[in-house]
Amino acid sequence: MSLAFPVPVRPAIVAPPMVEETLSADERVALKSRIKTLMQQQDAVLVAHYYTHADLQDLAEETGGCVSDSLEMARFAHAHPARTLIVAGVKFMGETSKILNPEKRVLMPDLAADCSLDLACPADAFTAFCDAHPDRLSVVYANTSAAVKARADWVVTSGIAVKIVKYLHSQGHKLLWAPDRHLGDYVQRVTGADMLLWQGSCVVHEAFKAEALKKLRAEHPGAAVLVHPESPEAVIAQADVVGSTTQLIHAVHDLPNREFIVATDNGIFHKMRAAAPGKILLEAPTAGEGATCQSCAHCPWMAMNGLKNLARVLETGANEIHIEASIRAKARLSIQRMLDFAIAEKAGRIQLGD
Ligand code: SF4
């Protein structure tokens, strides 16, 4: 296929070093107690991603918040009456919460908590890509900045990407996809849609190794393999279940297998263990031939969230998310299309066919 505008070369994103908070048991108890008091005083609720530290996930649930994927975090925050939202996750999650909840104060433990997909897709380059292909609708993954969402026609999450692309394809649309090349490739294979793919990748999922996974499967023949679709094709090809974080947690609970090999960030194990106590969870391998593992199954940006910096933002009001009004309004439209689609599809008003 010849392109009027070349698909961007693979951006070289270097992950920051992994620095995880280490606290004594007493420090953790004291910090959690202090945070709970501050949250009450400030009418705040905590929403945490599955990949964040177990302390934050527990704190979110103990204080009436939620632990979920990025879309559900924003939805929960929208429905919750609290005036302050604390988003433990990465920057685009805080931005999505602000886009859907402009009247609320949105704070994050660390604004440097980014994402290799977001970083790989700067808004000006993405705009040039769209401008070069006016005949195509642009579909972007949730892991993008507010400015990229504002330029896109549709936003999708991994849980709904296949359905939306299948629908757009059935309507005769050709598509641009950004930023995750593996997820885009997977969606293209499943739907048969005509898609031009941006070349970003997730440093965590890209590191899973197909050959080493084959060996691990041979050692655990009864294990079900659960794979997030940001992983390479040869890893996805070995999956029993391919799905979003929420779908993978459901799979651990629902499938009869005793063992699971899991190809996504190992922060999710905390929720999987709670959902299916007694089941054995194995990390999909990131080592082996060609290993360039920067993160080894744990996101260094997610690891920037901790109890100490959470307490600090509540004490100081630092790290508030602000988004320029016109960008926020446009980004809201492309997110709203996805939300409306999800409601219509659930209600049976959209037929997706085979
Ligand atoms: S796990 Fe991957 S996709 Fe998720 S925030 Fe980290 S770098 Fe981004």
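Modeller: Strand β5 (residues 136–141) and strand β7 (residues 174–178) run parallel and are joined by five bridges, where strands are DSSP runs of E with at least two residues and helices are runs of H or I with at least four, both numbered from the N terminus. The model is a predicted one, in which local features need pLDDT of at least 70 and side-chain atom pairs count only at pLDDT 80 or more, while totals for chains, interfaces and linings use all residues. Residues are numbered from 1 along each chain as its sequence is written.

Within this pairing, Ser-138 has Leu-176 of β7 as its bridge partner. Strand β5 is also joined to β6 by three bridges, again in a parallel run, and here Val-140 has Val-155 of β6 as its bridge partner. Two strands pair if DSSP finds at least two bridges between them, and on that basis there is an open sheet of four strands in the order β6-β5-β7-β8, with parallel pairing. Its edge strands, each pairing on one side only, are β6 (154–156) and β8 (195–197). From one strand to the next the twist averages 25°, the axes being lines fitted to C-alpha atoms and the angles running from 0 to 180 degrees between N-to-C directions.

As for the wider setting, the domain assignment, automatic or from a database, gives the protein chain domain 1 (25–113 + 302–323), domain 2 (117–202 + 331–346) and domain 3 (205–283). The C-alpha centres of domain 1 and domain 3 lie 27 Å apart, and their contact (C-beta atoms, placed from the backbone, within 7 Å) takes 10 residues from domain 1 and eight residues from domain 3. On the side of domain 1 that touches domain 3, the elements giving two or more residues are α2 (54–62) and β2 (66–68).

The ligand lies between domain 1 and domain 2, because both give residues to the shell around it. There are 13 residues around the ligand, and Cys-115, Ser-116, Cys-202, Val-204 and Cys-299 come nearest, a residue being near if its C-beta atom, placed from the backbone, lies within 6 Å.

Finally, helix α4 (residues 91–100) is mostly covered, with 10 of its 10 residues buried, that is, with 20 or more other C-beta atoms within 10 Å of their own, against 12 or fewer for exposed residues and values in between for partly exposed ones, with C-beta atoms placed from the backbone. The buried residues of α4 include Lys-91, Glu-95 and Lys-98, as well as Phe-92, Met-93, Ile-99 and Leu-100.

How values were computed:
Two residues are in contact if their C-beta atoms, placed from the backbone, lie within 7 Å.
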